[in-house]
Amino acid sequence: MPFDLPALVRSRMGENYSLHQKYLNRTLVRVQQVIGFDKVYARAKGAYLYDREGNEYLDFLSGFGVFSIGRNHPVPQKAIRDVLEMDLPNMVQMDSALLSGLLAEALVKRFAAQGASQLDAVFLCNSGTEAVEGAIKFARAGTGRTRLLSLGNSFHGLSMGSLSLTGNPFFHDGFAPFLPGCQTVPLGDLAALEQELRKGDVAALVIEPVQGKGVQFPKDDYFVQAQALCRRYGTLLVCDEVQSGLGRTGKWFAFEHWGLEPDIVTLAKALSAGYVPCGAFATRRSIYQKVFSRLDRCIVHSSTFGRNNLACVCGLAALSVLEEEGLVENAARMGERLEQGLLALQKKHEIVKEVRVKGLMMAVEFAEPRSLGLKMAWKTVHALDPGLFPQLVVSQLMAKHRILSQVAANNADVIKTLPPLIVGTKEIDAFLDALDSVLSDLRKFPGPLWDMGTNFVKAMRNGTEQPVSA
Ligand code: PLP
């Protein structure tokens, strides 16, 4: 039988979880079932997902930051159709293709427009981690040094090099040994940074200007001082903007919040327009040429699928939509509204410890409440599992309000959202109302929301295959 995609989807829709249970990551399936995220989505548009029954879900997860321009946007859709219909040659490899050239040009122009004209050479790849791997190699080749510093609590990806930079022990367990020469320093500690830089062997300091895990960023001029120290000791500054880049924080690049002048910037996620994996990093031409330093080294760093036409048109379409629809400005405006709303919730609910917002990257951190009843509930849930509490909030946002969000870090009492940059006041207010309602429900102890915690733990421990309804 010839391959017929619509017929295949029609006939097998609903087998999603059993297929994954059988052939893919069944542990993830189990978690999705337990926390009530085991939906069968049939359609998606903009900021919304729809299940087979037509229920609408507000997507404040954005595929971990991929869908900045919203889901199924017509501009990349048309661009993909166009490139297919044009029968263009693709990945000839030993040619210099037009579309990758155009994407590189668009990125360099964008960096220049945001005050980063030093970033005038681009490498195209397929994912965030691959962009970070490239940055590691270019930093080493560009400086002739081997050591790499990153910040505590950071996340840079899960392949071996980027994992070695990731300052979060949770991801390390079971995968040692790591890339030699990688070390973390605490965010905010300039003395610790200088102590390492002074040794004169550090190729790069790699930072996320706004950290994905927990949405942490300095409130002071730490980054500016850190950059000055890097300059003094001949160390490159790499900004990993895989998550924070392309408007996510209300500026085209998060390094703009501190007026930084990075030597390398990594991008991915939103550059895909939500369709075809597309990663990139940009650097100074002088660094670039240290890698491709002779004719026989012209492909010492390369990737078969990097520069492919479909990825490049998605990159071009994403950049175009972000600009044409004013989505970076919208992210700043909606982020402001989100922050004001969350600060009001913080005043109302003592369990909210801190609100961290940069554009449409947002985290809410919770802390043990003072009132006696709630204190007991808090302690009970934390005794069951130190990472359980924020999962209750996330699960309840889904169960009661059909809103997708996420826990932000391991064993931290933090929830996080990454709404698409297209959201308006309707979506922001819906989220704020829903969070208000969930936080109000928490005051009922004993109550169904707290009971959910015990149910989760039981379900996880006994491995039952029954979905736990929240
Ligand atoms: N760097 C940062 C800052 C990220 O947030 C991520 C992914 O979340 C990565 C790198 C890795 O990207 P990918 O998952 O595309 O490999």
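R294 is partly exposed, with 48% relative accessibility; that class lies between buried (under 20% relative accessible area) and exposed (over 50%), using a 1.4 Å probe and protein chains only. R294 forms a salt bridge with D296, their closest N and O atoms being 2.9 Å apart. A salt bridge here is a side-chain nitrogen of Lys or Arg within 4 Å of a carboxyl oxygen of Asp or Glu. D296 is exposed, at 58% relative accessible area.

This is a predicted model: local features need pLDDT of at least 70, side-chain atom pairs count only at pLDDT 80 or more, and totals for chains, interfaces and linings use all residues. Residues are numbered from 1 along each chain as its sequence is written, and side-chain values use heavy atoms, with hydrogens and water left out.

**Salt bridges**

- The structure holds 24 salt bridges.
- E196 and R147 meet through their side chains in one of them, at 2.5 Å from N to O.
- This pair links distant parts of the chain, 49 residues apart: E196 sits in helix α9 (residues 190-197) and R147 in strand β5 (residues 147-151). Helices (H or I, at least four residues) and strands (E, at least two) are DSSP runs, numbered from the N terminus.
- E196 is buried, at 7% relative accessibility. R147 is buried too, with a relative accessible area of 12%.
- R356 and E354 also pair by their side chains, at 2.7 Å from N to O. R356 is buried, with a relative accessible area of 2%, whereas E354 is partly exposed at 27%.
- Shared partners extend that pair into one network of salt bridges, which joins K219, K353, E354, R356 and E365.
- Side chains of opposite charge can pair when their charged atoms come close.

**Ligand site**

- Eleven names make up the shell: S127, G128, T129, F155, H156, G157, E208, D240, V242, Q243 and K269 surround the ligand.
- By class, the shell has two nonpolar, six polar and three charged residues. Ala, Val, Leu, Ile, Met, Phe, Trp, Tyr, Cys and Pro count as nonpolar, Asp, Glu, Lys and Arg as charged, and the others, Gly among them, as polar.
- D240 places a polar side-chain atom 2.7 Å from a ligand nitrogen.
- T129 uses its backbone: an N or O atom there lies 2.8 Å from a ligand oxygen.
- Q243 has a polar side-chain atom 2.9 Å from an oxygen of the ligand.
- The protein covers 79% of the 390 Å² of accessible area that the ligand has on its own. Areas come from the Shrake-Rupley method with a 1.4 Å probe; for residues, only the protein chains shown count as cover.

**A buried loop residue**

- Q118 lies in the loop between α6 (98-113) and β4 (121-125).
- Q118 is buried, with a relative accessible area of 11%.
- A polar atom of the Q118 side chain lies 2.9 Å from the backbone oxygen of P262. 

**Nonpolar surface patch**

- F3, L5, L8 and V9 make a nonpolar surface patch of about 410 Å². Patch residues have over 30% relative accessible area and no salt bridge; like charges are joined within 9 Å, and nonpolar side chains (Val, Leu, Ile, Met, Phe, Trp, Tyr) within 5 Å.
- L5 lies in helix α1 (residues 5-12). L5 is partly exposed, at 47% relative accessibility.

Technical notes. Near = heavy atom within 4 Å. Polar contact = N/O pair within 3.5 Å; in protein donor to acceptor, adjacent residues only side chain to side chain.
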